[in-house]
Amino acid sequence: NLLRWAAAATVLALGGYIGLQTKTFALIEVMIAVSVILLGFLVAFPRQKHIVSLSVLIGLFAFCHGHSHGYEMARSAHFYEYAMGFVGATMLLHLIGFFSAVIFNKLHPVLLRISGAGIALAGVWSLT
């Protein structure tokens, strides 16, 4: 898990760097919303099958998130400081989500499924 977490942080930063250097690509905001929807479904309906394909998909979504951050960075900012901020904040949010999932699952597994559905709905809402 730690290796996957570090890989996601690296891909996020790489996406940010490339986003800083290039124009945004079509549908990046849709990809981000789809990633939130998928995350919600994965929390609501956890499966251990297809972990490799899910890891690749999560990497793609991490790249899209990073690309968006890099593209939207103020040109007066320093990339490395900015990247430490958005990567650090993203990883902190992942930790909060992980520990919340553990707590919800221990309290009652239905709470975990409800929170996953809420995350998926937030992704759908962001499409509007």
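**Close-up views of a predicted model**

**View 1. Lining of the largest pocket.** Sorted by class, the residues that line the largest pocket comprise 29 nonpolar, 14 polar and four charged residues, in a model that is predicted. The pocket holds about 2000 Å³ of space, and among the 47 residues of its lining, Leu39, Val43, Ile58, His94 and Phe98 lie nearest the centre. Two or more lining residues are given by each of helix H1 (2–21), H2, helix H3 (51–72), helix H4 (79–107) and helix H5 (109–126), with H4 supplying the largest share, 14 residues.

**View 2. Crossing of H4 and H5.** Two packed helices are described by the angle between their axes and the distance between the axes. The axes of H4 and H5 come within 5 Å of each other and cross at roughly 135°, which makes H4 oblique to H5, because an angle counts as roughly antiparallel when it is over 145 degrees and as roughly perpendicular from 65 to 115. On the H4 side the contact is formed by Ala101, Phe104, Asn105 and Leu107, and on the H5 side by Pro109, Leu111, Leu112 and Ser115. By class, this contact of H4 with H5 has six nonpolar and two polar residues, and no charged residues.

View 3. Ser35 belongs to helix H2, which spans residues 28–44. Its relative accessibility is 8%, so Ser35 counts as buried, the cut-off for that class being under 20%. When neighbours within four places in sequence are left aside, Ser35 is in contact with Phe61 and His65.

Terms used. Residues are numbered from 1 along each chain as its sequence is written. This is a predicted model: local features need pLDDT of at least 70, side-chain atom pairs count only at pLDDT 80 or more; totals for chains, interfaces and linings use all residues. Side-chain values use heavy atoms; hydrogens and water are left out. Helices (H or I, at least four residues) and strands (E, at least two) are DSSP runs, numbered from the N terminus. Buried means under 20% relative accessible area, exposed over 50%, partly exposed in between (1.4 Å probe, protein chains only). Contact means heavy atoms within 4.5 Å. On a 1 Å grid over the protein atoms alone, a cavity is a set of points where a 1.4 Å probe fits but cannot get out, and a pocket is an open set with protein on both sides within 12 Å along at least five of seven lines; lining residues have an atom within 4 Å of a point. Grid points are joined across faces, edges and corners, and a volume is the space filled by probe spheres set on the points. Ala, Val, Leu, Ile, Met, Phe, Trp, Tyr, Cys and Pro count as nonpolar, Asp, Glu, Lys and Arg as charged, and the others, Gly among them, as polar. Axes are lines fitted to C-alpha atoms, for helices over the stretch in contact, and angles run from 0 to 180 degrees between N-to-C directions. Angles under 35 degrees count as roughly parallel, over 145 as roughly antiparallel, 65 to 115 as roughly perpendicular and the rest as oblique.
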